[in-house]
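Colleague: I would like a close look at one part of this model. Please take the salt bridges and keep it brisk.

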Amino acid sequence: MSTGNKPKNLDFGAMEKKLREMGVSSNLEHLKSAKSQSSRPESAPKTEVQVAKPQASHPVESRPVTTGSRAVMQTDTETERQPSDWCNYIFGTLLSIYESTWIKSYGRRPTGRFLDFADSLTESELMRVIQHCRERLQAGEKWPPIMGELALLKSQLTESESLEAMNRVVSKTPKNQIEKWIMQNKGYELRRLPQSIIVKRFKEFYREAMSLQEKGKLVTEVPKGCQVSRSKTWLI
């Protein structure tokens, strides 16, 4: 994924101010020290190639045992992988939201799959994930999402986003192709649903539209053939 939306030179002060505006307030000093070390790829450790020793009674040709050496080299590289400034910032932000429950779930430093997740995240996706977490806390969920959920939340609408999108669909002012598809295919049903389930159903319609879009099957325009047929019908 492109990193064009990520801040190139992190200004922790500015980002903390933005988080405070969202209701997230915490000191990230314990992660700022990583700024001078991160984003600096380390060379892979040299691995000594083991050579099989020939037996005295049956001389054999020496061959390097590459499989074992290669596995050790990958393990060492993965163990010593340093998180980037952006990764540290995301980790520290989520830690400041959940505090002790985050530490129990993910530890005090970013490792493993979280490194890949954080490095793939744009600034707008991070803000969406943060909003999801805040909404979960307000609903009484004290534990942070598991790693698989975090990866999904970056592309799922928050409650506030869902309400805004639904209002645009109902008022027939769609913002994108997904909303346009829902308006064309589900608008009639939405306008007749009771308030108690309308948001839930809208989210289902939105996921359905996203799935079609991912498969290249999201159609929102009237085919040209149908337009021609309609024109001929009006002429007749």
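Is glutamate 149 buried, partly exposed or exposed?

Modeller: Glutamate 149 is partly exposed, at a relative accessible area of 29%. Buried means under 20% relative accessible area, exposed over 50%, and partly exposed in between, with a 1.4 Å probe and protein chains only. This is a predicted model: local features need pLDDT of at least 70, side-chain atom pairs count only at pLDDT 80 or more, and totals for chains, interfaces and linings use all residues. Residues are numbered from 1 along each chain as its sequence is written, and side-chain values use heavy atoms, without hydrogens and water.

Glutamate 149 pairs with arginine 136 in a salt bridge, with the closest N and O atoms 3.3 Å apart. The term requires a side-chain nitrogen of Lys or Arg within 4 Å of a carboxyl oxygen of Asp or Glu. Arginine 136 sits in helix α7 and glutamate 149 in helix α8, 13 residues apart. Helices are DSSP runs (H or I, at least four residues), numbered from the N terminus. Arginine 136 counts as buried, at 17% relative accessibility.

The structure holds 10 salt bridges. Another one joins lysine 186 and glutamate 208 (3.9 Å, N to O). Lysine 186 lies in α10 and glutamate 208 in α11 (residues 195–214), so this pair ties together parts 22 residues apart in sequence. Lysine 186 is buried at 18%; glutamate 208 is partly exposed at 35%.

Aspartate 119 meets arginine 81 at 3.4 Å, N to O. Aspartate 119 is in helix α6 and arginine 81 in the loop between α3 (66–79) and α4, so the pair bridges 38 residues of sequence. Arg81, Asp116 and Asp119 are linked in a salt-bridge network.

Definitions and conventions: Helix = DSSP H or I, 4+ residues; strand = E, 2+ residues; numbered from the N terminus.
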